[in-house]
Amino acid sequence: MNPWTNTDNLQNEVKVYYDLLTQHLSRYPNKYFVESGTYVGNGVHSAIKAGFTKCYSIEIQPHNFCISSQRFSKEIADGSVVLLHGNSENTLKLILNQLIQPATFWLDAHCSYIYGDKLAKNCPIIDEINMIATHPIKNHTVLIDDVNQFNSPLHDMIDINDVINQLRSINPGYQFRYLDSLIPNNILVAHP
């Protein structure tokens, strides 16, 4: 069994990864948490533990969307979690229309070949950043996972420097830093 699909009792490297994510998210609090790439909902779980009061997450794979919808059925019913099924390039704008305060974005949407689907893009990061740039609030916090996959086919050969430049188009005053996940310096953070 793939340990990354576990939603009940996180163990070993999966637990270390999501414990680190919870710590990182706690350092960048906002009312809203917005995630692209729900997978099975462990990022949403980390955001709830970190204290976000409203969590939005987008998942393209129907199977993962169903798992997450069942997992957070109570939070969905009380309105603290909103899950959207679709691709982030089209769905993120629906979330942005709801945001009236700065949000913490966790951008982690990328192709997962275990489902056998070939998407138009392996990594929609540039589209996601461009969409965030259209929002009137310019002091969102943006965390981007899997820095090690930039400049590779996994992320459509997108250069991390292009990502940083796109983020600067949102807010030229952004501060940038790298945070550890299971891989050192594998999360990029842009924060006001």
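Which residues are linked in a network of salt bridges? Here are some notes on that and a few other features.

1. Ground rules. This is a predicted model, in which local features need pLDDT of at least 70, side-chain atom pairs count only at pLDDT 80 or more, and totals for chains, interfaces and linings use all residues. Residues are numbered from 1 along each chain as its sequence is written, and side-chain values use heavy atoms, with hydrogens and water left out.

2. The network. Lys-15, Asp-19 and Lys-49 are linked through salt bridges (a side-chain nitrogen of Lys or Arg within 4 Å of a carboxyl oxygen of Asp or Glu). The count by this rule is two. Lys-15 and Asp-19 meet with an N to O distance of 2.8 Å; they sit four residues apart in helix α1 (residues 12-27), so about one helical turn separates them. Helices (H or I, at least four residues) and strands (E, at least two) are DSSP runs, numbered from the N terminus.

3. The other bridge. Between Lys-49 and Asp-19 the closest N and O atoms are 4.0 Å apart. Because Lys-49 belongs to helix α2 (residues 42-50) and Asp-19 to helix α1, this pair ties together parts that are 30 residues apart in sequence. Lys-15 is partly exposed at 38% relative accessibility, as are Asp-19 at 26% and Lys-49 at 49%. For reference, buried means under 20% relative accessible area, exposed over 50%, and partly exposed in between (1.4 Å probe, protein chains only).

4. The largest core. A nonpolar core is a set of buried Ala, Val, Leu, Ile, Met, Phe, Trp, Tyr and Cys residues joined through side-chain atoms within 4.5 Å. The largest one has 30 residues, and Leu-99, Phe-105, Ile-125, Ile-144, Val-163 and Leu-167 have the most contacts inside it. Elements that each supply at least two residues of this core include β1 (32-36), β4 (103-107), α6 (125-133) and α7 (160-170). The largest share, five residues, comes from α7.

5. Not counting residues up to four places away in sequence, Leu-167 touches Ile-129, Val-142, Ile-144, Tyr-174, Phe-176, Leu-188 and Ala-190 (contact means heavy atoms within 4.5 Å).

6. Glu-128 lies in helix α6 and is buried, with a relative accessible area of 1%. Its side chain makes a polar contact with that of Ser-88 at 2.6 Å; such a contact is a pair of N or O atoms within 3.5 Å where, within protein, one must be able to donate a hydrogen and the other to accept it, and residues adjacent in sequence count only if both atoms are side-chain atoms. Leaving aside neighbours within four places in sequence, Glu-128 is in contact with Ser-36, Ser-88, Leu-92, Leu-107 and Ala-109.

7. Backbone angles to look at. Tyr-39 is not a glycine, yet has a positive phi of about 55 degrees. Tyr-39 is in the loop between β1 and α2 and is partly exposed at 21% relative accessibility. Asp-146, also a residue other than glycine, has a positive phi near 65 degrees. Asp-146 is placed in the loop between β5 and α7 and counts as buried at 12% relative accessibility.
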